[in-house]
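This report describes a predicted model. It takes up salt bridges, domains, cores and a few single residues in turn.

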Amino acid sequence: MSEVVRLERHGDIAAIVVDNPPVNALGQAVRQGLKERLNEAANDDAVRAIVILGAERTFIAGADIREFGKPPQPPSLPEVIEDMDACPKPVIAALHGTALGGGFEVALGCHYRVALDGAKVGLPEVKLGILPGAGGTQRTPRLIGAAKALDMILSGDFVAAEKALSLGLIDEVSKAETPLEAGLAFARKAIDEAYPLRRVRDLEDEILADRGKSDVFDDARGKLKKTARGLFSPHKIVDAVQAAVELPFDDGIKRERELFQECVESPQRAGLIHAFFSERQVGKVPGLKGAARRPLISAGVVGGGTMGAGIAVSMLLSGLQVIMIERDEESLARGKATVDKILEASVKRGKLTAGSKAAVMTESFSGSTDYAALSDVDIVVEAVFEDMEVKKGVFAQLDAVLKAGAILATNTSYLDVDALAAGTSRPSDVIGLHFFSPAHVMKLLEIVVGDQTAPEVVATGFALAKRLGKVGVRAGVCDGFIGNRILATYRKQIDYMVEDGASPYEVDDAIRAFGFPMGPFQVSDLAGVDIGWMTRRRLDATRDPRERYVEVADRLYEAGRMGQKSGAGWYLYSEGNRRGAKDPVVENIVVQERAKKDIEPKSFTPEQIQRRYLAAMINEAAKVLEEGIALRPLDIDVTLLYGYGFPRWRGGPMKYADMVGLDQILADIRSYAEEDAFAWQPAKLLVDLVERGENFESLNK
Ligand code: 3HC
Ligand code: NAI
């Protein structure tokens, strides 16, 4: 007898309870258990109705994602659902928590669905690179029509119980305390009032209304060209829903199964599921288990510029009290006005009510030019100019006024967190919290752990990330930590390729074609050409003379082409237009710089551009791992996915490298090293892994 699914008797009603923590996923044992218990209940003459429900926190949250890619083990989910559908007694799904994916498909295979207030349903398979493969694409349009079904399945969004009721996805929202209570009450009515067996497969009205109308599907395919660039499964979802409308149910189910299999076998499924598990694993830092956390009620932000204001907003929206410190009244007023402006934009977008905004501004937010105002806060994030001396001065003042146990954090992008800590009397309370711009939007937070940072300070950093709705990644101290350090390396290759013959526009096109939302030159124009210039000047003193240096970007800076903000950078921006146009002036600058170095331009195919870009990224990432700056490959994947636009469906650079094969990546690096041995020194870790026939995945823990 399977323990993960049990049968309870409540008079003439059988309750089948799925009890497979944490989310009652439909692994093999659950499928087997469901099939057996259903069979038992169906064959028990004393049972007149059957309720299916989940134990603990939720109904079934879907197929067991860990089983994808492994040999299928019977019974299959469609087979189990078919049994429910065919059952001669009313089968009722009693939903609470989240009924998702295969879990909601189980509910759709039942004859009735009742949900607790607060429950959510959804078909989020698209986010994992697959499609609902147990009847979801066939039954949903039979309940709500093809257009709404497509919206639901293509977005993967969760639908709250009340909305699900009004759409017709469920039959009742119950005020009962437990799903068992709700299910039994519904079953009682079904028995007493002799409800018919309402099989979704037999519902025809919506299907007949949609049949012959191709515009719904043409529209959906048209939209996907923009919204699902490079993605595989959304297109298959449209095909599957169209099959629901055009084919008899059993043929539609067969078609759904074929399309589902294609998705399961696609590399995108592997990439997206890797991303799913990695973002859950990333907060489980080895060595941090059980570390205490310090309470966080109030926070200080020093510096109210681009980053400080964004960080303050993020903290305010999480319910923290925030005090902003600036160097003078004028800068403080500007910082506060930026906070006000960002919050106002949230009100306009309907994310915040005007009343809540007013309350936040008056009750939770204040500012001062006097550090003494911070004497009682639990944490301070410093976001002043990127200058070691300025930051050291700020830390000295913080050290003088903060209470014992307060956390001193820096938002520096590159500077040495240990050197900052060393200047204080409490280095174990110092940490880097590297937010990304815009800080109230970007989900990544690098949690930079210094030599002396106390484990509970690190654990509090992760707790803060979670509270702010961000994904925290542990990083060690080095120039640029995980993300910016890797970026600096692959970014250089881009400049080399341009000097060697590619145009900046070809490069951007190739990188976008790989799946990044923007090309590196578009990013440079957005961030400001001056930012890159400042970074290069900072590194002038320490740059190795063997390093190749490309001056094209310096020429743009000298010409005042700062990017979007000055109307011209790598692209030309007409008034009010953020989509730049290619500019022959830039192409001319490139030609002149090549000529100065006697470089005979050669051409690069998009694939050649992508391979160099990725090889540089992966090689530096391997060095970051080797040095312990990142603890695990998955930490790098999450960093690049959330902070640098790496396409999620490729899983991150480490997953991508594993899928391509580390031997091929290493072979590429070695061939590029023939041109530039200094830039292309293979990471020892990469060489070792190739020699041992292992991959990055083997290092994830
Ligand atoms: N399979 C296996 N493990 C799962 C899982 C699943 N479907 N869903 C969640 N988990 C695991 C998580 O990895 C995590 O494990 P951990 O504790 O070891 O890290 C644990 O369950 C708890 O998950 P969360 O940390 O995400 O908990 P939350 O409470 O924040 O969220 C949730 C719960 C909303 C259910 C969220 O986990 C979620 O969105 N899960 C995925 C749901 C989904 O995509 N379902 C569709 C699956 S595909 C499918 O059904 C195919 C079918 O059509 C044939
Ligand atoms: P910014 O120039 O917009 O803002 C800096 C603010 O600090 C200014 O308002 C200035 O008045 C204030 N300030 C300077 N000295 C001060 C002092 N002694 N006391 C109080 N306030 C002081 O700079 P930005 O872009 O916000 O960057 C701040 C920090 O964040 C830097 O360390 C930067 O490297 C880091 N960072 C920046 C990112 C970006 O994209 N801009 C991304 C991630 C980190």
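Arginine 485 counts as buried, because its relative accessibility of 12% falls under the 20% cut-off. Its salt-bridge partner is glutamate 620, with the closest N and O atoms 2.7 Å apart. The two residues come from distant parts of the chain: arginine 485 sits in helix H19 and glutamate 620 in helix H25, 135 residues apart. Glutamate 620 is buried as well, at a relative accessible area of 11%.

**Salt bridges**

The whole structure holds 62 salt bridges. Another of them pairs arginine 538 with aspartate 479, at 3.1 Å between the closest N and O atoms. Arginine 538 has a relative accessibility of 27% and counts as partly exposed. Aspartate 479, at 38%, is also classed as partly exposed.

Within helix H22 there is a local pair. Aspartate 540 and arginine 537 form a salt bridge of 2.7 Å, N to O. Both residues lie in H22, three residues apart, or about one turn of the helix. An α-helix has 3.6 residues a turn, so residues three or four places apart point the same way. Aspartate 540 is partly exposed, with a relative accessible area of 35%, and arginine 537 is partly exposed at 26%. Salt bridges with shared partners join these two to Lys492, Arg536, Arg543, Glu547 and Asp554 in one network.

| Salt bridge | N to O distance |
|---|---|
| Arg485 – Glu620 | 2.7 Å |
| Arg538 – Asp479 | 3.1 Å |
| Arg537 – Asp540 | 2.7 Å |

**Domains and their interface**

The chain is divided into domain 1 (5-265), domain 2 (298-475) and domain 3 (483-699). The centres of domain 2 and domain 3, taken over C-alpha atoms, are 30 Å apart. Twelve residues of domain 2 and 13 residues of domain 3 take part in the contact.

The size of an interface is often given as the accessible area lost when the parts come together. Between domain 2 and domain 3 the buried area is about 1,100 Å², with 62% of it from carbon and sulfur atoms. On the domain 2 side, the residues that lose the most area to domain 3 are Tyr414, Leu444 and Arg474, which together give 45% of what that side buries.

How many salt bridges are counted between domain 2 and domain 3? The count is zero. One residue pair in polar contact is found across this interface, with both residues at pLDDT 80 or more. On the side of domain 2 that touches domain 3, the elements giving two or more residues are strand E16 (444-449) and strand E17 (471-476). E17 gives the most to that side, with four residues.

**Nonpolar cores**

The largest nonpolar core has 93 residues, and Leu374, Ile636 and Phe696 have the most contacts inside it. Helix H25 (residues 606-626) supplies the largest share, eleven residues. Because domain 2 and domain 3 both give residues to this core, it lies between them. A second, separate core has 71 residues, including Phe104, Ile144, Ile153 and Cys263.

Leaving out residues up to four places away in sequence, phenylalanine 696 touches Ile618, Ala622, Leu625, Pro633, Met654, Ala657, Asp658, Leu662, Leu685, Leu686 and Leu689. Three of these contacts, Leu685, Leu686 and Leu689, are among the buried residues of helix H29 (residues 684-692), along with Val687 and Asp688. The cover over the buried residues of H29 includes H25 and helix H28 (662-673). Just after H29, glycine 693 takes a positive phi of about 70°.

**Threonine 137**

Threonine 137 is placed in helix H4 (residues 136-144). Is threonine 137 buried or exposed? Its relative accessible area is 0%, which means it is buried. The side chain of threonine 137 makes a polar contact of 2.6 Å with the side chain of glutamate 256. Besides Glu256, threonine 137 touches Leu131, Pro132, Ile153, Ala240, Val241 and Ala244, not counting residues up to four places away in sequence. One of these, Ile153, is included in the second core.

Methods:
Residues are numbered from 1 along each chain as its sequence is written. Chains are lettered from A and ligands numbered from 1 in the order in which they are written. Side-chain values use heavy atoms; hydrogens and water are left out. A nonpolar core is a set of buried Ala, Val, Leu, Ile, Met, Phe, Trp, Tyr and Cys residues joined through side-chain atoms within 4.5 Å. Buried means under 20% relative accessible area, exposed over 50%, partly exposed in between (1.4 Å probe, protein chains only). Domain bounds come from an automatic or database domain assignment. Contact means heavy atoms within 4.5 Å. Buried area is the accessible area (1.4 Å probe) that two parts lose on being put together, summed over both. A salt bridge is a side-chain nitrogen of Lys or Arg within 4 Å of a carboxyl oxygen of Asp or Glu. A polar contact is a pair of N or O atoms within 3.5 Å; within protein, one must be able to donate a hydrogen and the other to accept it, and residues adjacent in sequence count only if both atoms are side-chain atoms.
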